[in-house]
Amino acid sequence: MNCDKMELLFADLLYNELKEEEKEFALEHISTCKSCEVKYKNLRETSAALGRWKEEDAEMNLIFIEEKVPFFERLFGKLDLIGISPRQLVFGMITTLLLVVLFTGILRTEAIYRNGSWYISFGSSAKMENQMEESTLIADIKRLQQENLVFTNRLLLASEERIRNENIAVVNDLANQFALLRRQDLTLIGRSINEMSQRSEGRYVRTNQLLDGLYRLSAYQPGGSSGTRSIEGK
Amino acid sequence: MEDNQLILKFIDGDVQAFNVLVNRWQNRIYNFVFKVLGKREDAKDVTQKTFIKVYKNLRKLKDKQKFSAWIHQIAMNLCRDEIRKNKRSPTISIHEKIRTSTGEEMELKDFLSDGSTDIADELFQGEVVEIIRKGLKMIPEEQRIVIIMKEYQGLKFREISDILQEPLNTIKSRMYYGLNALRKALAELEIDKEVFQYEL
């Protein structure tokens, strides 16, 4: 061991912070090197002299009283206990936010092949275009639905009109047929009544004749008078 | 109860646990700050500021086992702020005036090299402290802080390296050269062996 290396070992040797082997080597060197022996002796003397400045009483009595610890300070204290510093917390939050923005951007990015070319739209513009397209489609659908409704109403009205006219024609036709049949029936009934009337009249005549015959027979009294009765005709 | 258990209790809302921690550390931090700044009133102010800062930021301390290094780092930064604020020179001249135990005011060099008396016999503890304080102030601040942390705070070189955020060998080197510089400063003041009784 040379004297230059000893300069670094002196301090350790003086305050007993050398390993046992190093200490032995250092002491052995000092015992054989007059220069280092003097240096070491001087260091020990100076250190011992410093030791005469004894520790004194501070003559102060600091007392801390409880104060309300702000929420974030308490939170950071608790996080610190599990090894998370406020800086790490903020860094983590920012990183998470950036990742969310990045992934959202990627998810919102669209590539469309149209008319032989590729169109790429990024981020919120892609969604906006989709929304605009969607809203246009919805408006078109509503307009077509409205037109369809109007057209259907017209069809219904036309259909009702045609059916009503047809029904009226049928009813008229039926009424005509009914009137015709009624006339025929009335004619037939009239004929029947006439026939029946004629027959009744014939029968009446015959009945009167019979009755006259009967009266006459019943009024015949030999030697007595007899009255004559006749039946009133209609 | 260990420091880290007290810290966890404090984080959980127990202020009394913090007061126990303060009580345990305030003398140590005060003495550290006093040795760096050299003035008791400044040391008290900075000690108070240190614990207020600890109170506000203890929840942010990741490795609770490194509380000692952490609180020293806070105290040291506040000391540096104080030094900057007061534009105080990190070193002093041997012509700086001091007040002796008899109330007499004289230059440090004259006081320390006064051959008319046996200084070693007559120096009171306060005067010894004054001499060491002056001697420490005569060496560069970076070396002084390492010496105070090691000699008075009993921190390991590795801890000092963490606090100052300097390589381990740089710290050891500052310790070595700092002690030599201090010896030279004291030699310049001609108080070598007459002042200090070496216990070798």
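A salt bridge here is a side-chain nitrogen of Lys or Arg within 4 Å of a carboxyl oxygen of Asp or Glu. By that rule, 4 salt bridges cross the interface of chain A and chain B. The model shown in these views is predicted.

**View 1. Chain A meets chain B.** In this interface, 43 residues of chain A are in contact with 58 residues of chain B. Together the two chains bury about 4600 Å². Carbon and sulfur atoms account for 59% of that area. On the chain A side, A:Arg52, A:Trp53 and A:Phe64 lose the most area to chain B. These three residues together make up 20% of what that side buries.

**View 2. B:Arg183 pairs with A:Glu45.** The side chains of B:Arg183 and A:Glu45 meet in a salt bridge, at 2.8 Å from N to O. Side chains of opposite charge can pair when their charged atoms come close. Over all chains, the whole structure holds 21 salt bridges.

**View 3. B:Glu166 pairs with B:Arg174.** Within chain B, a salt bridge joins the side chains of B:Glu166 and B:Arg174, 3.3 Å from N to O. Elsewhere, salt bridges that share partners join A:Lys41, A:Glu45 and B:Arg183 into one network.

View 4. A:Arg143 forms a salt bridge with A:Glu147. Their closest N and O atoms are 3.3 Å apart. A:Glu166 forms a salt bridge with A:Arg162, with the closest N and O atoms 3.0 Å apart. An α-helix has 3.6 residues a turn, so residues three or four places apart point the same way. A:Arg143 is partly exposed at 43% relative accessibility, and A:Glu147 is partly exposed at 44%. A:Glu166 is partly exposed at 42%, as is A:Arg162 at 48%.

**View 5. Helix H2 of chain A has a buried face.** Helix H2 spans residues 20–32 and has 13 residues. From its first C-alpha to its last, H2 reaches 19 Å, close to the 18 Å expected at 1.5 Å a residue. Which residues of H2(A) are buried? They are A:Ala26, A:His29 and A:Ile30. Seen down the axis of H2(A), the buried residues fall within an arc of 100 degrees, so they line one face of the helix. What covers them includes helix H1 (3–14) and helix H3 (34–50) of chain A. On the other side of H2(A), the exposed residues are A:Glu20, A:Glu21, A:Glu24, A:Glu28, A:Ser31 and A:Thr32.

View 6. A disulfide is a covalent bond between the sulfur atoms of two cysteines. The structure holds 0 disulfides over all chains. The cut-off for a disulfide is 2.5 Å. A:Cys36 is buried, at 0% relative accessibility. In chain B, B:Cys79 is buried too, with a relative accessible area of 1%.

How values were computed
Residues are numbered from 1 along each chain as its sequence is written. Chains are lettered from A and ligands numbered from 1 in the order in which they are written. This is a predicted model: local features need pLDDT of at least 70, side-chain atom pairs count only at pLDDT 80 or more; totals for chains, interfaces and linings use all residues. Side-chain values use heavy atoms; hydrogens and water are left out. Buried means under 20% relative accessible area, exposed over 50%, partly exposed in between (1.4 Å probe, protein chains only). Helices (H or I, at least four residues) and strands (E, at least two) are DSSP runs, numbered from the N terminus. The expected span of a helix is 1.5 Å times one less than its number of residues. The arc is that of the directions from the helix axis to the C-beta atoms. Contact means heavy atoms within 4.5 Å. Buried area is the accessible area (1.4 Å probe) that two parts lose on being put together, summed over both.
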